[in-house]
Amino acid sequence: MQHAIEAQGLFKVFGRNPRGAVQKLRDGASRSDIASSGTAAVIDASFTVNPGEIFVIMGLSGSGKSTIIRMLNGLLEPTAGDVLVQGESIANASPSELRRIRRQSVSMVFQHFALLPHRTVIDNAAYALEIQGVGREERRARAMEILEKVGLGDRAEAMPDELSGGMRQRVGLARALTSGTDILLMDEAFSALDPLIRREMQEQLVELQQELGRTIVFITHDLNEAMFLGDRIAVMRDGRIVQNGTPEEILTDPANDYVAQFVQDVDRARVLTASSVMEPPQATTPVSAGVRGALKVMRDQQVGSVAVLENRIYLGIVTDREAIRAVKSGKSDLRALAHHAQPAVHPDDPLTDVVERSVESHIPVAVVDDRMRLMGVIPRVTLLAALGNVPTMTRENPVIDVPATVPESEMTLTIDAVESTEGSLR
Ligand SMILES: Nc1ncnc2c1ncn2[C@@H]1O[C@H](COP(=O)(O)OP(=O)(O)OP(=O)(O)O)[C@@H](O)[C@H]1O
Ligand SMILES: [Mg+2]
């Protein structure tokens with residue numbers, strides 16, 4: 001597979017003796033070591049971007065993000081190293097070849113979209129096509145199609161100053177999408193938006209990307225944004241890429257203390273998926289074992305609930321309390337009990353969905369695949385540990401339901417109490 005973009009040992013030093021500085025940096029000097037001969041904006045950056053992925057470059061202000069992205073489309077010449085865009089070298093390209101690459105392959109979206117104020121929304125969106133020499137009817141038709149996708153179909157004839165900030169941002173995005181380039185470079189494109197609109201734009205970008213399959217390099221200093229958007233994330237510090245990995249890798253296995261500190265405050269619920277925190281289902285029982293069979297499994301395994309399966313298909317989770325009540329009232333059909341269980345989640349669902357289920361009940365949340373096979377369970381303690389970034393060694397924890405007659409404040413039920421209740425049933 002050919003990479004959409006390949007950065008090979010990129011350096012950018014601003015100053016009097018950039019090449020001399022590169023040599024020192026290659027020998028291990030840091031940004032501050034060479035400060036007297038210039039600013040090392042980017043130091044030895046290598047990475048690849050796959051076609052159709054969102055690759056995020058994240059780092060604090062001044063870490064070198066904008067300098068990298070400007071080298072990717074040849075707006076800045078690297079001091080050393082090269083960039084291949086769909087296999088084509090930028091370092092060896094002539095100015096006219098560079099213009100062609102920018103017109104045909106790579107478009108850029110900036111923080112402030114800089115719309116043309118005296119043109120309508122649709123003419124702004126069609127601007128890149130106009131530059132490319134596409135006729136008016138065709139370019140307006142293509143721009144309209146994209147405007148519909150970003151939710152601005154009904155504002156096509158409006159002027160930019162009649163739009164809200166978020167809408168203007170969408171016009172800028174539409175302009176980049178309309179240009180038809182395979183690669184989109186977005187530098188802090190959503191940073192000027194207020195949080196709610198920003199969230200909306202992030203979701204819309206992910207949807208559009210899935211639909212249109214463009215390759216996106218997205219720059220941000222916001223970790224939550226990086227984690228939400230990125231298929232992969234490169235974390236920068238002082239000109240260097242200090243880690244490059246999937247959001248889950250960066251969250252669960254930070255390369256160093258710097259990254260670990262960075263990811264401390266991330267909204268884990270949006271990044272982690274059910275599959276990354278689920279535990280193997282310990283307590284399961286075939287529906288044919290009946291209610292008593294289910295109780296036996298719970299007692300043997302010292303757990304408060306059990307997953308009911310039929311030919312590996314998940315039917316539901318039954319708690320000890322439900323099972324005991326059923327036995328008391330002479331019911332033995334496990335299927336009927338299991339069907340009252342709460343719905344399960346899919347392995348790819350974000351933890352936010354799991355949290356929703358988890359507040360509804362005490363019992364572990366079941367994780368099932370497309371064919372309703374039980375893949376794992378997420379007990380509440382595991383969920384809380386994952387959200388709080390606390391290492392957990394728990395297996396499925398006993399969950400004991402509160403008898404309706406006893407006020408919760410007086411509850412000191414233990415597994416022994418449950419067992420003695422059970423004993424009296426037999
Ligand atoms: N044209 C330039 N001349 C001199 N120094 C520059 C130039 N452009 C950038 N720098 C320096 O290079 C370093 C990296 O800048 P860059 O703009 O790439 O950072 P950034 O990560 O995009 O930061 P921000 O989040 O603030 O946009 C900074 O120290 C900056 O001052
Ligand atoms: Mg920048």
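Select Gly74 to begin: it sits just after α2 and takes a positive phi of about 80°. Keep in mind that this is a predicted model.

**Helix α2.** Now select residues 65-72, which make up α2. The helix is mostly covered, with seven of its eight residues buried. Colour the buried ones: Lys65, Ser66, Thr67, Ile68, Ile69, Met71 and Leu72.

**Ligand 1.** Stay here and show ligand 1. Which residues surround ligand 1? Select Phe14, Thr39, Ala41, Gly59, Ser61, Gly62, Ser63, Gly64, Lys65, Ser66, Thr67 and His221 to see the shell. Two elements, β2 and α2, each give two or more residues to it. The largest share comes from α2, with three residues. Colour the shell by class: nine residues are polar, two are nonpolar and one is charged.

**The whole chain.** Zoom out. The chain holds 19 helices and 15 strands. It has 426 residues, and 40% of them are buried. Take the contacts between residues at least 6 apart in sequence: 64% of them join residues at least 24 apart.

**The largest nonpolar core.** In soluble globular proteins, nonpolar side chains tend to be buried together. Here, the largest nonpolar core has 117 residues. Which members touch the most others? Select Leu147, Ala174, Val217, Ala294, Val306, Ala307 and Val308. Next, select strand β2, residues 38-49, which gives this core its largest share, six residues. Then colour domain 1 (1-105 + 216-266) and domain 2 (275-425). Both give residues to the core, so it lies between them.

**Val217.** Pick Val217 from that core list. Leave aside its neighbours within four places in sequence. What else is Val217 in contact with? Its partners are Ile5, Val49, Phe55, Ile57, Ile69, Leu72, Leu185 and Met186.

**Asp33.** Move to the loop between α1 (18-26) and β2, where Asp33 lies. Is Asp33 buried or partly exposed? It counts as partly exposed, because it has 14 C-beta neighbours inside 10 Å, and a buried residue needs 20 or more. Draw a distance from Asp33 to Ala21. The two are 12 residues apart in sequence and 9.4 Å apart in space, C-alpha to C-alpha.

**Glu188.** Go on to the loop between β7 (183-187) and α8 (195-212), and select Glu188 there. Most residues other than glycine have a negative phi. Glu188 has a positive one, near 50°. With 19 C-beta neighbours inside 10 Å, Glu188 counts as partly exposed.

Select residues 365-368 and 374-378, strands β14 and β15. In which sense do they pair? They run antiparallel, over four bridges. Show Ala366 and find its bridge partner in β15, Val377.

**Met372.** Met372 lies in the loop between β14 and β15. Its phi is near 65°, a positive value in a residue other than glycine. Met372 counts as partly exposed, because 14 C-beta neighbours fall inside 10 Å.

Terms used:
Residues are numbered from 1 along each chain as its sequence is written. Chains are lettered from A and ligands numbered from 1 in the order in which they are written. This is a predicted model: local features need pLDDT of at least 70, side-chain atom pairs count only at pLDDT 80 or more; totals for chains, interfaces and linings use all residues. A nonpolar core is a set of buried Ala, Val, Leu, Ile, Met, Phe, Trp, Tyr and Cys residues joined through C-beta atoms within 7 Å. A residue is buried if 20 or more other C-beta atoms lie within 10 Å of its own, exposed if 12 or fewer, and partly exposed in between; C-beta atoms are placed from the backbone. Domain bounds come from an automatic or database domain assignment. Two residues are in contact if their C-beta atoms, placed from the backbone, lie within 7 Å. A residue is near a molecule or strand if its C-beta atom, placed from the backbone, lies within 6 Å of it. Ala, Val, Leu, Ile, Met, Phe, Trp, Tyr, Cys and Pro count as nonpolar, Asp, Glu, Lys and Arg as charged, and the others, Gly among them, as polar. Two strands pair if DSSP finds at least two bridges between them.
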